[in-house]
Structure formats: C-alpha cells, structure tokens
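The sequence and structure come first.

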Amino acid sequence: MDSGDRPLRKISEAFNEIANSINSHHQNPNPNQQLDLELASFSRACSLVSALFGCLGIAFKFAEMDYVAKVNDLCEASKSILTLQSMIEKDIEQNCVRKPGSHTRNLLKVKRGLDMIRVLFEQILLSDENSLKNPASMAYEQVLSPYHGWAVQKAVGAGMYTLPSKQKLVQKLNEDEASVRREMQNYVSASAFVIVHIDKLFQSLELGIDW
Ligand code: 1PZ
C-alpha cells in the first residue's frame, strides 16, 4: 500500500519538508532570505489537506469549496511567482492586499485553516473521547470563528453534529490508533513552524494578521 492511500501521512510529510526548509534558511546569514518560502511547495502541501474534507460529511462541503478555491489560487500564482514573500510584495505594490480574492488574503485564510487543523489534532491527541465534536468545536472557536459572520458560525455549529467518530476517521484515513497519533503529532509540530513563519512574514511587511 503506498502513501497515496494514506492522506494524513502525505500531509504530515509535506509540512515536515517545508518546516525543514525554513530551518535551513534560518541558518542562512542573509536576513533577506530568512523569510523566504517557496510558494509551489507550500501550495502543494495545502492542496493535500483537501483530502481531509473527504472524511467529513456534506455539511462541510461549503468549507471545502472555499478552502479549495483559495488553495487553487495559490497554486495558480506559484506558476509565475517563486516565494510567498514576493507574492505578498506584488499585492502590496498593486494595493490589493486585503481585497477579496487577492493572493495575500487567500494565503492568510488558508494559513488559518492549517492552524485550525493543528489545534484540532492537538485536541484529538489530548482527548480520550470517541466523538470529534468537542475537539472540532474548540479548534473552530479558537481559530476561525472570530473571523466569521453569524451565518457561517451557525452552519459550522450545525455541521459539528454530523462529524464521524474518531474511530471512523482513523479508518477513513487508513491508519490505526498508533499511526494516527504519530502522524497527527508530526503535523502539529511541523505546521506550527510553518504557521509562525507566515505570521512573521505578514508582520515583517506590517500587514497584521487579524483581519
Ligand atoms: C473533524 C473535523 C472537523 C472540521 C470542522 C471544520 C470546520 C471548518 C469550517 C470553516 C468554514 C469556512 C466557511 C467559509 C468561510 C469564508 O467566509 C471565509 C471567507 O474568506 P474570504 O473569501 O472573505 O477571504 N473563508 C475562510 O475563513 C477560510 C476557511 C478555511 C477553512 C479550512 C478548514 C479546514 C478544515 C479541515 C477539516 C479536516
């Protein structure tokens, strides 16, 4: 069985590679290079995450469509732009950083999605319940809900009642109890690196991250 059948493994491996590339850049003495991250590998890793939506019911179809559209925009941009930083700088020049649909805005939202999954996995690792409702609600409330309007919050709240059990999720991911814990832990550590890196990038360009 190859890793194509194990989406969680593919995801954690992809983010691990990106986290490692950030680490090696940090050893580079040139400060201008420190915040560079390759857009193509980042957007590819983000597109692997889409597979997780397949484990959820149709209640999260709208979230999937939103996430996939944003990631596709970043993948498209990566055909002509090398790094996250240069992508953002182009938006700054064109004065469209916060404009709906801009690459930079999509990047911020995708980053927030990655962060929600990080907190979700952390909560799953801490909890001994078989229901995902509490971990998922906690992750959503902590990371995404402050930025969502009433209608989206209600739709997500309703979707929480349709989540599969943890056992079912493990099955769908083609993992077992032990391997799912290991891969979730890997994603938690690797994604934290990548998320902090993107936050620093936004802050170094004085864009803020709370919008
Ligand atoms: C066990 C798994 C539980 C998962 C629960 C998932 C809950 C995620 C719900 C997210 C709903 C997002 C709906 C759309 C929101 C949009 O209004 C904003 C608009 O951004 P704009 O276009 O204005 O710039 N989009 C977002 O906030 C991006 C949301 C990304 C969500 C990714 C979640 C990943 C979840 C994976 C689950 C395994």
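An oxygen atom of the ligand lies 2.8 Å from an N or O atom in the side chain of His148.

| Residue | Distance to an oxygen atom of the ligand |
|---|---|
| His148 | 2.8 Å |

The ligand alone exposes 850 Å², and the protein buries 88% of that; these areas come from the Shrake-Rupley method with a 1.4 Å probe. This is a predicted model, in which local features need pLDDT of at least 70 and side-chain atom pairs count only at pLDDT 80 or more, while totals for chains, interfaces and linings use all residues. Residues are numbered from 1 along each chain as its sequence is written, and side-chain values use heavy atoms, with hydrogens and water left out.

The shell around the ligand holds 22 residues, and the closest are Asp66, Lys70, Arg105, Lys109 and His148; a residue belongs to the shell if one of its heavy atoms lies within 4 Å of the ligand. H5 gives the largest share of this shell, six residues. By class, the shell has 16 nonpolar, two polar and four charged residues. Here Ala, Val, Leu, Ile, Met, Phe, Trp, Tyr, Cys and Pro count as nonpolar, Asp, Glu, Lys and Arg as charged, and the others, Gly among them, as polar.

Where does the ligand sit? The ligand sits in the largest pocket, meaning that more than half of its atoms lie within 2 Å of the grid points of the pocket. A pocket is an open set of points on a 1 Å grid over the protein atoms alone, with protein on both sides within 12 Å along at least five of seven lines, and its lining residues have an atom within 4 Å of a point. The largest pocket has a volume of about 830 Å³, where a volume is the space filled by probe spheres set on the points. Its lining has 33 residues, and those closest to the pocket centre are Phe53, Ala63, Gly113, Met116 and Leu144.

Helices H3 (61-77), H5 (103-126), H6 (133-144) and H7 (150-159) each supply at least two residues of this lining; helices are DSSP runs of H or I with at least four residues, numbered from the N terminus. The largest share, nine residues, comes from H5. The lining of the largest pocket is made up of 27 nonpolar, two polar and four charged residues.

The second largest pocket holds about 240 Å³ of space. Of its 13 lining residues, Ala14, Glu17, Ile18, Ser41 and Arg44 are the closest to its centre. Helix H1 (7-26) and helix H2 (39-49) are the elements that give two or more residues to this lining, and H1 has the largest share with seven residues. Five nonpolar, three polar and five charged residues line the second largest pocket.

The structure also holds one cavity of 30 Å³ or more, a cavity being a set of points where a 1.4 Å probe fits but cannot get out. The largest cavity has a volume of about 40 Å³. Ile124, Leu125, Lys166, Glu177, Val180, Arg181 and Met184 line the largest cavity. H5 and helix H9 (177-204) each give two or more residues to this lining, and the largest share, four residues, comes from H9.

Conventions. A polar contact is a pair of N or O atoms within 3.5 Å; within protein, one must be able to donate a hydrogen and the other to accept it, and residues adjacent in sequence count only if both atoms are side-chain atoms.
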